[in-house]
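Have the sequence and the model open side by side as you read.

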Amino acid sequence: MNTEVLKYNKESIERAAGIIRNGGLVGMPTETVYGLAANALDEAAVASIFAAKGRPQDNPLIVHISGIEQLAPLVREIPEVASRLADRFWGGPLTMIFPKSDVVPDITSGGLDTVAVRMPASEAARSLIDACGLPIAAPSANLSGSPSPTTAQHVYDDMHGRIPLIIDGGECSCGVESTVICFRENKIHILRPGGITAEMLSEFAEVEIDKAVSAKPAADERVLSPGMKYKHYSPKADVFIVDEHGDAFKRYCLTHAKGRTIALGIGTENDGIFIDYGACAEIQAQRLFSLLRYADDSGAELVFVEMPSQDGVGLAVYNRLLRAAGFRIVKE
């Protein structure tokens with residue numbers, strides 16, 4: 001299969017919509033990461049997402065809509081707090097989990113009785129959903145387990161020959177996947193952190209953070225959100241989070257470097273093995289996946305990453321790094 005990459009415009013959106021309406025897959029830009037888009041209500045199309053990514057079928061997908069009126073047919077009930085969150089944060093990087101209606105196939109929800117839904121802020125993503133006239137399932141457009149794609153080139157690197165078309169909407173502004181929440185006993189429960197932080201959500205209700213955000217779920221545990229269970233976001237190199245900062249971080253990396261080593265530091269000078277991945281969490285989120293892909297492109301065998309903050313968007317960066325590192329944290 002030949003894979004085309006077309007700039008986002010009216011013509012490329014119409015072409016992509018035709019492919020999706022006919023059961024095909026398209027690489028779709030969003031503000032978080034690029035998605036692998038298909039008709040969320042077509043079992044065969046959704047199955048082809050899992051096949052193209054090599055993704056386990058018990059890993060649920062997120063359904064994307066372009067208008068709030070598209071939510072009600074997909075779900076059995078909408079909590080009042082969810083409506084208020086949608087008014088504030090949609091379109092944007094927030095995914096909410098609801099009891100699903102019968103129109104959503106089990107394969108889309110990973111066999112669960114719930115469905116994860118979000119409305120992206122990305123103009124390109126919403127234009128594609130509008131042009132299709134149907135909800136779109138769109139997990140990250142990468143091979144399962146590898147770093148998520150934040151540019152069209154990243155999608156091409158993983159998906160060329162597997163899908164017919166990628167829409168190039170430029171670099172993603174958020175750089176990490178959406179925050180995923182569900183509702184339990186009048187509380188907002190964060191299953192996966194992202195650009196909409198616990199601090200933002202706490203204005204609407206009490207917030208609790210799932211233990212799986214910072215710990216590895218059991219192998220037989222059923223999970224409600226993508227990104228919770230399996231090793232994710234990881235380059236071919238061995239990744240370690242280093243729980244040190246400043247000079248101590250540099251000493252650890254220089255002492256333990258072997259072969260081709262890259263060290264991602266917080267606000268460090270780009271020098272030798274050291275690369276700055278951002279002085280604040282928002283920049284770290286934008287750069288992280290690109291730098292993990294750079295590690296592969298440069299033939300790195302070992303990647304050290306300075307421990308990020310666990311506040312605000314920093315929790316999302318920490319969550320992704322834990323999965324990329326296989327939960328390996330080291331100290332000097």
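At what angle do helix H1 and helix H4 pack, and how far apart are their axes? The angle is about 55 degrees and the axes lie 9 Å apart. This is a predicted model, in which local features need pLDDT of at least 70, side-chain atom pairs count only at pLDDT 80 or more, and totals for chains, interfaces and linings use all residues. Residues are numbered from 1 along each chain as its sequence is written, and side-chain values use heavy atoms, with hydrogens and water left out.

**Helix packing**
- H1 spans residues 10–21 and H4 spans residues 123–132; helices are DSSP runs of H or I with at least four residues, and strands are E runs of at least two, numbered from the N terminus.
- H1 and H4 are oblique to each other (under 35 degrees is roughly parallel, over 145 roughly antiparallel, 65 to 115 roughly perpendicular, and the rest oblique).

**Arg 323**
- Arg 323 sits in helix H9, residues 314–324.
- The backbone oxygen of Val 213 is 2.9 Å from a polar atom of the Arg 323 side chain.

**Backbone features in loops**
- Trp 90 and Gly 91 are joined by a cis peptide bond, with omega about -5 degrees.
- Gly 91 belongs to the loop between helix H3 (80–89) and strand E5 (94–99).
- Glu 185, not a glycine, has a positive phi of about 50 degrees, and lies in the loop between strands E9 (179–184) and E10 (187–192).
- Phe 327 also has a positive phi, near 65 degrees, in the loop between H9 and strand E16 (329–330).

Terms used:
A polar contact is a pair of N or O atoms within 3.5 Å; within protein, one must be able to donate a hydrogen and the other to accept it, and residues adjacent in sequence count only if both atoms are side-chain atoms. Axes are lines fitted to C-alpha atoms, for helices over the stretch in contact, and angles run from 0 to 180 degrees between N-to-C directions.
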